[in-house]
Amino acid sequence: MPELIKLYIRSVAIGFGIAAVFVGVLLWSGLGGLGDLVAGSSAGWLAVFMLWFMNGIVFAGVQFAYRIMSMAQRDDTPRGGMKIMDLQPVRVEATARKQNNAQRFVQRRR
């Protein structure tokens with residue numbers, strides 16, 4: 001069997017195991033009266049199965065994604081981004097005109 005298929009099956013088994021523990025803790029803790037609701041219903045086993053199965057799908061997917069992404073090789077090469085340029089200051093002449101406030105106001109009004 002290919003190694004990737006083995007990895008997938010192991011990840012799915014781990015994910016569904018985590019889901020079983022999660023549902024067990026959820027029912028045991030009585031969060032929102034869920035344990036009593038399931039115990040008091042005639043179709044409680046179906047609710048527990050669906051809760052375990054749906055959470056198992058999610059946890060298995062997360063487990064497999066984590067395993068695949070942890071297999072990536074470390075890339076120590078520099079990444080993209082802005083290149084740092086050698087900037088040099090440039091002199092620009094600035095002259096100031098002397099004006100009093102009244103002259104400035106009249107020039108703005110025109």
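## Burial classes and the model

A residue is termed buried when its relative accessible area is under 20%, exposed when that area is over 50%, and partly exposed in between. The structure described here is a predicted model.

## Overall architecture

The protein contains 4 helices and 0 strands. Read from the N terminus, its elements follow the order α-α-α-α. Of contacts between residues at least 6 apart in sequence, 76% link residues at least 24 apart.

Buried residues account for 13% of the 110 residues in the protein. The accessible area of the protein is about 10,100 Å², and 64% of this area is supplied by carbon and sulfur atoms.

Phe53 is located in helix α3, which covers residues 44–70. Its relative accessibility is 34%, and Phe53 is therefore classed as partly exposed, since this class lies between the limits of 20% and 50%.

Phe53 also belongs to a nonpolar patch on the surface.

## Gln63, a buried position in helix α3

Gln63 is likewise found in helix α3. With a relative accessible area of 17%, Gln63 is buried, because the cut-off for this class is under 20%.

When residues up to four places away in sequence are not counted, Gln63 is in contact with Ser11, Ile14 and Ile18.

Terms used: Residues numbered from 1 in each chain as written. Predicted model: local features only at pLDDT ≥ 70, side-chain atom pairs only at ≥ 80, totals over all residues. Heavy atoms only, no water. Patch = residues over 30% accessible without salt bridge, like charges linked within 9 Å, V, L, I, M, F, W, Y side chains within 5 Å. Areas by Shrake-Rupley, 256 points an atom, 1.4 Å probe, with all protein chains shown as cover. Salt bridge = Lys/Arg side-chain N within 4 Å of Asp/Glu carboxyl O. Helix = DSSP H or I, 4+ residues; strand = E, 2+ residues; numbered from the N terminus. Buried < 20%, exposed > 50% of the residue type's maximum accessible area, 1.4 Å probe, protein only. Contact = heavy atoms within 4.5 Å.
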